[in-house]
Amino acid sequence: LRDNRIELVRASWHELSISVSDVSLSDEGQYTCSLFTMPVKTSKAFLTVLGVPEKPQITGFTSPVMEGERMQLTCKTSGSKPAADIRWFKNDKEVKDVKYLKEEDANRKTFTVSSTLDFLADRSDDGAVISCRVDHESLNSTPQIAMQVLEIHYTPLVKIISSNSWPEEGQSIILTCESKGKPVPEPVLWTKDGGELPDPERMVVNGRVLSISFLNKTDNGTYRCEAKNPIGRNSTEYVLIVHDVFNTLLPTTVIPSLTTATVTTTVALTTSTTTSATAISTRDPNALAGQTGPDHALIGGIVAVVVFVTLCSIILLGRYLARHKGTYLTNEAKGAEDAPDADTAIINAEGSQVNAEEKKEYFI
């Protein structure tokens with residue numbers, strides 16, 4: 001061996017050591033140590049030189065990228081022996097669906113490897129960190145990494161947030177239009193039912209905020225918020241319904257005391273009479289808490305008393321009529337039971353015709 005990079009480290013009858021500096025791929029091969037005795041003794045060893053991969057580079061990125069466009073990023077490294085391994089990551093999460101290509105260099109000893117990441121740009125990828133990592137046994141567990149931060153431009157995303165979920169007459173409401181886009185959207189445009197805001201004095205726009213004071217039923221309608229940037233425009237709607245104050249259920253824990261009374265009466269005009277009155281008090285499920293009204297229990301009681309008195313009167317009258325019901329004979333008819341004809345019946349009648357002027361009749 002005759003090379004300035006090779007130095008004799010130790011030489012004795014028992015050991016011969018050399019060192020090789022600035023190792024290159026040409027140093028790879030079989031090395032032989034010979035002991036010149038009779039016969040000559042030799043020992044051989046094969047030296048393998050690893051090719052360290054170059055620092056990777058990411059190509060194919062253009063900034064900015066429009067949402068929906070297809071992106072093809074390529075990571076490439078040369079000079080590795082054996083061929084290096086390339087892996088892709090997006091925000092520290094590995095991406096598996098990639099293409100891998102290995103090519104032999106001109107020296108036929110090292111390799112150039114490349115990997116392509118193909119995907120559609122999405123707004124969620126804006127600001128994401130794409131990294132390409134090269135692993136190789138010559139790097140001593142310290143991989144080489146190339147990184148690229150994505151910049152995605154997209155149309156605004158619009159959302160309306162209301163400060164009052166149950167607006168009532170006389171109250172106020174604040175509608176906030178949240179718009180997110182890249183580039184940052186211009187000031188938003190507020191409209192109502194497809195036209196301008198009808199009452200600028202009560203409907204005040206401050207940036208992205210619409211404030212409406214002293215609400216009334218004329219404020220009902222569809223409010224639209226529109227935002228735009230150089231990429232495009234987007235909008236969303238909010239339907240405002242102003243509720244009547246008197247129809248609002250007030251939050252309270254007081255149980256309403258309104259009741260209703262139902263009176264049922266059954267009368268049988270026979271030898272025995274049964275009268276029953278039942279008052280049922282139930283809670284009105286439609287009663288509104290906090291409202292006042294007539295005392296239904298008092299009214300129901302009065303009605304029950306009136307009905308009871310009326311029924312008692314009917315029962316007493318019925319019993320009186322039943323007791324005096326029957327057949328009554330006049331004095332003339334008393335002698336007609338055994339008479340063969342009408343003339344004989346008159347003659348046999350009590351009191352006779354002589355005392356006819358003294359007859360009296362009573363009607364009950």
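**View 1. Asn140 occupies the loop between E12 and E13.** The phi angle of Asn140 is near 55°, a positive value in a residue other than glycine. Exposed means over 50% relative accessible area, and Asn140 counts as exposed because its relative accessibility is 64%.

**View 2. Four strands form an open sheet in the order E9-E8-E12-E13.** The pairing in this sheet is antiparallel. Strand E9 (93-95) and strand E13 (144-149) are the edge strands, each of which pairs on one side only. On average, neighbouring strands of the sheet are turned by 30° against each other, direction ignored. In general, strands of a sheet pair through backbone hydrogen bonds, either parallel or antiparallel.

**View 3. Strand E8 (residues 85-90) pairs with strand E12 (residues 129-135).** Six bridges connect E8 and E12, and their sense is antiparallel. Trp88 stands opposite Cys132 in E12. Arg87 has Arg133 in E12 as its bridge partner.

**View 4. A hairpin of E8 and E9 has two residues between the strands.** E8 and E9 pair over three bridges in the antiparallel sense. The bridge partner of Lys90 is Lys93, in E9. Within this hairpin, Asn91 takes a positive phi near 50°.

**View 5. Strand E19 (residues 221-229) and strand E20 (residues 232-240) form an antiparallel pair.** Nine bridges are counted between E19 and E20. One of the paired positions is Tyr223, whose bridge partner in E20 is Tyr238.

**View 6. Asp193 has a positive phi of about 50° although it is not a glycine.** Asp193 is located in the loop that runs between strand E16 (189-192) and strand E17 (203-206). Asp193 is classed as exposed because its relative accessible area is 52%, and the class requires over 50%.

**View 7. A cis peptide bond leads from Met38 to Pro39.** The omega angle of this bond is near 0°. Pro39 belongs to the loop between strand E3 (29-35) and strand E4 (41-47).

**View 8. Ser63 and Pro64 are joined by a cis peptide bond.** Omega is about -5° for this bond. Pro64 is placed in the loop between strand E5 (57-59) and strand E6 (65-66).

**View 9. Leu1, Leu8, Leu16 and Ile18 make a nonpolar surface patch.** The area of the patch is about 460 Å². Leu8, one of the contributing residues, is found in strand E1 (residues 6-11). Leu8 counts as exposed because its relative accessibility is 55%.

**View 10. Residues 297-317 are listed by UniProt as "transmembrane region".** This annotation comes from an unreviewed entry. In the predicted model, the chain over residues 297-317 is 100% helix and 0% strand. The end C-alpha atoms of residues 297-317 are 30 Å apart.

Definitions and conventions
Residues numbered from 1 in each chain as written. Predicted model: local features only at pLDDT ≥ 70, side-chain atom pairs only at ≥ 80, totals over all residues. Heavy atoms only, no water. Patch = residues over 30% accessible without salt bridge, like charges linked within 9 Å, V, L, I, M, F, W, Y side chains within 5 Å. Areas by Shrake-Rupley, 256 points an atom, 1.4 Å probe, with all protein chains shown as cover. Salt bridge = Lys/Arg side-chain N within 4 Å of Asp/Glu carboxyl O. Buried < 20%, exposed > 50% of the residue type's maximum accessible area, 1.4 Å probe, protein only. Pairing = 2+ DSSP bridges. Axes fitted to C-alpha atoms, helices over the stretch in contact; angles between N-to-C directions. UniProt positions renumbered as here; feature names shortened; annotations may be inferred.
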